[in-house]
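Let's take a friendly walk through the inside of a protein model. Keep the picture beside you as you read, and look for each residue as its name comes up.

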Amino acid sequence: MTTTSWILLGVVGLIAYFIGNISPSTIMAKKQGLDIKKEGSGNAGTTNALRVMGKKAGAITCIVDILKGVVAVLIGLLIAGNPGAYIGALCVFLGHVWPIIYKFQGGKGVATAFGAVLAVNPLLALIALVIVAIVVFTSKRMSLGSIIGAVAFAVLAAFMEPGFFVFACVMAIIMLIKHRANIVRLIHGEEPIMGIFEKKDKTESDEGGQEDE
């Protein structure tokens, strides 16, 4: 690669990282006089926004976080082709998980990763989404769906988007690390069910722990 190519990739990385810093849940919570980092699970992702501020805030957070991933990848593709798209995907994800604007306290990156993968390879993203949906609706736990989905999209990338495989593995590993508390609770049978399933299984939903994005 030429010096110019590396410079372009650096520019893509910076743009994508700061796009990832945009935190709709933090902004909406602040308007309500809340600090999302001190409410619920303390996470800035979709699930905690839903838990703390309701369905509308949760939906907005999810949509914006997905769009962040899509936009960052498209910018990367436009500036530096496929390598730029891959760098954009990784950096927007890192910007969401560790935003410098918010003292490196971000979300777990699931929605943003999905948006990025959707722009890189739509079929890969949709297959991973189906896997997540099946796991969520059978287990009633979003965290388990996110964990399985992270592993699945990295494995799928090896066959469907080989050039993205290393980036996908890095993103998957980070998502697993960010879900480590959920993994421990799942192992001990203490992970609560999603709020939308509470009416069907109120007793189980009252178990300890906090599920997250």
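## Buried or exposed?

A residue counts as buried when its relative accessible area is under 20%, as exposed when this is over 50%, and as partly exposed in between (1.4 Å probe, protein chains only). Before we use these words, a note on the model. It is a predicted one, in which local features need pLDDT of at least 70 and side-chain atom pairs count only at pLDDT 80 or more, while totals for chains, interfaces and linings use all residues. Residues are numbered from 1 along each chain as its sequence is written, and side-chain values use heavy atoms, with hydrogens and water left out.

Now try the words on Thr26. Because its relative accessibility is 13%, Thr26 counts as buried. Thr26 sits in helix α2 (residues 24-31); helices here are DSSP runs of H or I with at least four residues, strands are runs of E with at least two, and both are numbered from the N terminus. Leaving aside residues up to four places away in sequence, Thr26 touches Ile36, Lys37, Ala44 and Tyr102, where contact means heavy atoms within 4.5 Å.

## Two partly exposed residues

Leu34 belongs to the loop between α2 and α3. With a relative accessible area of 28%, Leu34 is partly exposed. Its contacts, not counting residues up to four places away in sequence, are Ala29, Glu39, Val52 and Met53. Along the chain, Leu34 and Val52 are 18 residues apart, and 9.3 Å separates their C-alpha atoms.

Ala133, in helix α6, is partly exposed too, since its relative accessibility is 31%. From Ala133 to Gly149 is 16 residues in sequence and 9.1 Å in space, C-alpha to C-alpha.

## An enclosed helix

Why is helix α5 (residues 110-120) described as largely enclosed by the rest of the structure? Because eight of its eleven residues are buried. They are Val110, Ala111, Thr112, Ala113, Gly115, Ala116, Val117 and Val120. These buried residues pack against α3 (46-53), α4, α6 (122-139), α7 and α8.

Not counting residues up to four places away in sequence, Leu156 touches Leu124, Ile127, Ala128, Ile131 and Glu161.

## Nonpolar cores

A nonpolar core is a set of buried Ala, Val, Leu, Ile, Met, Phe, Trp, Tyr and Cys residues joined through side-chain atoms within 4.5 Å. The largest one has 33 residues, and Phe93, Phe153, Phe164, Met171 and Met175 touch the most other members. Two or more residues come from each of α1 (3-20), α4, α5, α6, α7 and α8, and α4 gives the most, with ten. Apart from this core lies another, of seven residues, including Ala29, Ile36, Ala44 and Ala49.

## A group of rings

Which residues does Phe164 touch, not counting those up to four places away in sequence? They are Tyr86, Ala89, Val117, Val120, Phe153, Ala157 and Met171.

The structure holds four aromatic pairs. Rings of Phe, Tyr and Trp (its six-membered ring) pair if their centres lie within 6.5 Å; planes under 30 degrees apart count as stacked, over 60 as edge-to-face and the rest as tilted. Tyr86 and Phe164 make a tilted pair, 5.4 Å centre to centre with 40° between the planes. This pair links distant parts of the chain, 78 residues apart: Tyr86 is in helix α4, and Phe164 is in the loop between α7 (142-160) and α8 (165-178). Both residues are buried. Phe164 also forms a stacked pair with Phe167, at 6.2 Å centre to centre and 10° between the planes. Tyr86, Phe164 and Phe167 together form one aromatic cluster.

## A space inside

Rolling a probe the size of a water molecule over the atoms shows where empty space is left. On a 1 Å grid over the protein atoms alone, a cavity is a set of points where a 1.4 Å probe fits but cannot get out, and lining residues have an atom within 4 Å of a point. Grid points are joined across faces, edges and corners, and a volume is the space filled by probe spheres set on the points.

The structure holds one cavity of 30 Å³ or more, and the largest cavity has about 50 Å³ of space. Its lining has 14 residues, of which Asn21, Ser23, His96, Pro99 and Gly106 lie nearest the centre. Helix α4 (residues 55-97) gives the most to this lining, with three residues.

Technical notes
On a 1 Å grid over the protein atoms alone, a cavity is a set of points where a 1.4 Å probe fits but cannot get out, and a pocket is an open set with protein on both sides within 12 Å along at least five of seven lines; lining residues have an atom within 4 Å of a point.
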